[in-house]
Amino acid sequence: MMLSSGSLIVNQAGSSDVGPYTCYARNSVLGREVKSKPVYLSLGTGVKSGFPLRVSESPADREVIRGRVATFRCVIVDFQRIPSLEWYKGNAKLVSSGRVHLLENNRRLQIDGVQTNDTGTYKCQSGSTTRTATLTILEPPVIHRGPLSRISLIGSRVSFVCNAAGSPSPTVTWYKDGSPALQSTGADGSLAISSVREADSGVYQCRVASKAGDA
């Protein structure tokens with residue numbers, strides 16, 4: 001049953017009512033529509049149809065570039081009480097300190113300036129109810145060793161190095177005079193020209209890229 005205020009009431013909910021619920025709001029004049037994040041309705045442990053239920057919003061897995069902010073949100077509501085909510089990384093309980101902040105009555109976990117050692121599994125817990133999510137730290141790609149100018153004889157073999165790192169491992173693309181090069185690249189990202197021709201003369205550049213950025 002939906003009230004005039006927009007609230008939704010599920011009377012004597014049973015197993016068929018369990019699942020995600022999303023609220024949609026539409027402005028018919030502007031033709032715009034927005035929707036809320038989904039919330040999940042589930043029967044509490046040992047609870048039968050018609051008894052109090054627990055609604056939870058689970059934290060989602062995150063991939064965050066090193067140095068940025070990671071945020072997890074967890075909402076657990078028990079209609080009989082206001083449950084306490086705790087956060088853990090692995091088995092270690094988290095408290096607001098330094099880069100770690102517990103906000104919105106512990107419903108939101110925020111980690112500022114994430115570092116590689118922040119990678120792991122995070123858990124929100126209220127009583128016997130738990131929800132988990134994984135934080136993965138992405139490292140922007142960097143080129144540790146780039147190509148050097150070469151002078152080669154016609155018919156000789158020449159190679160250019162592009163030693164890059166990052167997480168996830170970046171892809172390497174080579175360019176000659178601003179256009180993608182057609183020569184094969186090695187597993188280490190190097191570019192090899194097996195038999196140099198006069199037409200191979202030019203400016204060679206390597207570019208590395210991943211979901212964490214490019215260089």
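Analyst: A disulfide is a pair of cysteine sulfur atoms within 2.5 Å. The model examined here is predicted: local features need pLDDT of at least 70, side-chain atom pairs count only at pLDDT 80 or more, and totals for chains, interfaces and linings use all residues. Residues are numbered from 1 along each chain as its sequence is written, and side-chain values use heavy atoms, with hydrogens and water left out.

The structure holds two disulfides.

Strands (E, at least two residues) are DSSP runs, numbered from the N terminus. The torsion about the S-S bond of C74 and C124 is about 60 degrees, and the disulfide is therefore right-handed. Both C74 and C124 are buried; buried means under 20% relative accessible area, exposed over 50%, and partly exposed in between, with a 1.4 Å probe and protein chains only.

The other disulfide joins C162 to C206, with 2.2 Å from S to S. C162 sits in the loop between β15 (158-160) and β16 (163-167), and C206 in strand β20 (residues 204-210), so the pair ties together parts that are 44 residues apart in sequence. This link of C162 and C206 is right-handed, with 70 degrees about the S-S bond. C162 has a relative accessible area of 1% and is therefore buried. C206 counts as buried because its relative accessibility is 14%. By contrast, C23 has a relative accessible area of 46%, so C23 is partly exposed.

The nonpolar interior may be considered next. A nonpolar core is a set of buried Ala, Val, Leu, Ile, Met, Phe, Trp, Tyr and Cys residues joined through side-chain atoms within 4.5 Å. The largest such core has 18 residues, of which F72, W87, L109, I111, V114, Y122 and L135 touch the most other members. Among the elements that give two or more residues to this core are β7 and β13, whereas the largest share, three residues, comes from β14. A second, separate core of 11 residues includes V158, W174, A181 and V208.

Note on methods. Helix = DSSP H or I, 4+ residues; strand = E, 2+ residues; numbered from the N terminus.
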